[in-house]
Amino acid sequence: MDVVSEKKVTRLVASQGKTRVFEMDDNTWVTAQHGTVSWRNNNPGNLKFEFSGSADKTVHTSRSKEKALEQAQDRYDGIVALDHWGNAVFETYEAGREAQKTLVVDQHADHTVEELVKGYSTKDYSAGGSVACSELHASGTAGGSAYRARSGAAGHRTINEQMNI
Amino acid sequence: MTRTLRLTMATLLACAGPAFAAPPVKAPPTAPPEITAAAPSGTTLLSFTSSGDQPDAAAAAVYETPPDKNGIRHRTLTVFGRNGGQFAAEFSNEKLIACSKCSQFHDDPFDGDYVKVTPAHVHIEQIDSGEKPSTTVLDFVKKADTWQVSTAERETVVAGRGDARTEKLPFPTPNLASDMDARWAVPVFLNGLVVNRTNGKFMFTHGKPTPDSVWAALTGDCNKQECTVLVQQEDGCISLVRDAGGRSFGGGSPDPKDKVQAISRAMSACDAGGGQACKEVRTDCSKGI
């Protein structure tokens with residue numbers, strides 16, 4: 001199974017377009033770019049919690065992002081954050097898979113496989129392009145001031161590794 | 001490519017919002033003493049919102065009971081007007097605010113952050129935890145010294161996915177906010193473990209409102225002559241354990257996050273039944289729909 005990282009995501013540092021920057025449980029940062037949103041976010045079930053002000057302009061709820069995250073975390077284990085679309089970010093791919101199983105059992109227990117597929121799947125508006133990830137290490141010179149200011153305990157980092165998956 | 005990535009990173013981080021942290025625990029509401037003193041017997045203040053302390057100010061307080069035997073807390077809304085420098089209760093209603101499990105997910109739709117109060121107007125939104133949330137909107141307005149209902153709408157998204165269904169909740173006649181019923185209830189979802197006595201097949205059933213509807217859902221797979229319900233309960237975990245001879249035993253726990261208790265109870269049932277080499281086969285947990 002291709003996953004963004006074998007480490008646990010502890011924080012969503014940034015979310016924009018098809019790029020996510022995560023802080024991992026060893027304090028390194030990982031960038032997940034392109035691919036599908038389910039891959040980027042360790043979210044194979046595509047769980048998406050609508051909130052007011054998200055990038056999804058079809059959403060009309062008044063629920064705040066903080067409230068949506070609080071409710072999502074109450075219902076599913078392992079949700080770390082919501083990205084700018086409302087897609088859940090799970091700490092591991094396995095946690096995302098467990099949530100997906102719960103979702104399927106909760107919503108499709110009486111459905112045929114055909115009904116399940118039609119009812120479950122939604123268009124992945126952010127998919128496409130190649131799937132790649134970059135891992136950041138605590139050394140180097142690039143990154144810019146904003147980047148350094150938010151680099152936390154690991155200090156000044158740079159991108160020095162890219163992987164095509 | 002590295003340069004592009006560096007630029008992307010700088011842009012991303014410049015645009016990054018604050019770090020996502022666990023939601024803070026809400027502090028108990030602070031409210032004027034007359035609000036606290038107005039709590040119905042056996043309740044405590046859950047939330048308080050006011051338009052300020054101007055002469056025509058309004059305020060809304062929600063009081064709640066301790067958990068009942070099913071762990072459910074019930075709420076009363078009291079709306080206040082400013083009178084002689086203090087808030088005075090103008091109406092109360094026990095049917096406007098959702099109970100602590102009054103949603104399809106058996107979670108709490110009420111959050112005091114979604115109560116907005118301006119003079120002569122109270123706006124309340126109650127939102128469940130669906131991916132696409134179900135929302136109940138209530139508006140109360142004060143006209144000629146009487147609080148009336150001006151909006152009562154519920155948008156429901158079954159299981160938080162799919163299309164929303166909007167319904168207008170009926171206004172009371174005459175239109176008095178004190179008589180409004182927002183029709184909150186704790187929906188029943190039965191879960192169960194059914195085993196076929198003849199071939200040993202097992203089925204976990206989920207989310208049925210009545211025992212009869214469970215059997216109806218099993219039509220073609222099982223019936224009351226061939227199958228036995230080992231466990232049937234609402235929220236929680238259900239575990240199936242089998243012994244070396246293939247006999248099935250079930251156990252349940254009321255906590256949907258406590259698989260261990262369900263397994264332990266199923267193992268105990270197996271041991272008590274004289275089972276040898278009892279072993280967990282499967283454990284499912286569920287809460288709400």
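**Notebook: chains B and A**

I began with the contacts of chain B: of those with a separation of 6 or more, 49% join residues 24 or more positions apart. I counted two residues as in contact if their C-beta atoms, placed from the backbone, lie within 7 Å.

I noted that this is a predicted model, in which local features need pLDDT of at least 70, side-chain atom pairs count only at pLDDT 80 or more, and totals for chains, interfaces and linings use all residues. Residues are numbered from 1 along each chain as its sequence is written, while chains are lettered from A and ligands numbered from 1 in the order in which they are written.

**Chain B as a whole**

I looked up the domains, whose bounds come from an automatic or database domain assignment. Chain B is assigned domain 1 (28–179) and domain 2 (190–286). Taken over C-alpha atoms, the centres of these two domains of chain B are 40 Å apart.

I then checked the extent of chain B. Its C-alpha trace spans about 80 × 65 × 35 Å along the principal axes.

**Strands of chain B**

I found 4 helices and 15 strands in chain B; these are DSSP runs numbered from the N terminus, helices (H or I) of at least four residues and strands (E) of at least two. Strands pair if DSSP finds at least two bridges between them.

I followed E3 (residues 75–83) and E4 (residues 86–93) of chain B, which pair in the antiparallel sense over 7 bridges. Arg82(B) is opposite Phe87(B) in E4(B). The hairpin has 2 residues between its strands, and Gly84(B) takes a positive phi near 60 degrees there.

I next traced an open sheet of 3 strands in chain B, with the order E11-E10-E12 and antiparallel pairing. Its edge strands, E11 (202–208) and E12 (227–233) of chain B, each pair on one side only. Between E10 (residues 190–196) of chain B and E12(B) I noted 6 bridges, and Asn191(B) stands opposite Gln233(B).

**A helix in chain A**

I turned to H2 (residues 65–75) of chain A, where the buried residues include Leu69(A) and Ala72(A). Strands E4 (79–82) and E5 (88–90) of chain A are among the elements that cover the buried residues of H2(A).

Technical notes. Buried ≥ 20, exposed ≤ 12 C-beta atoms within 10 Å, placed from the backbone.
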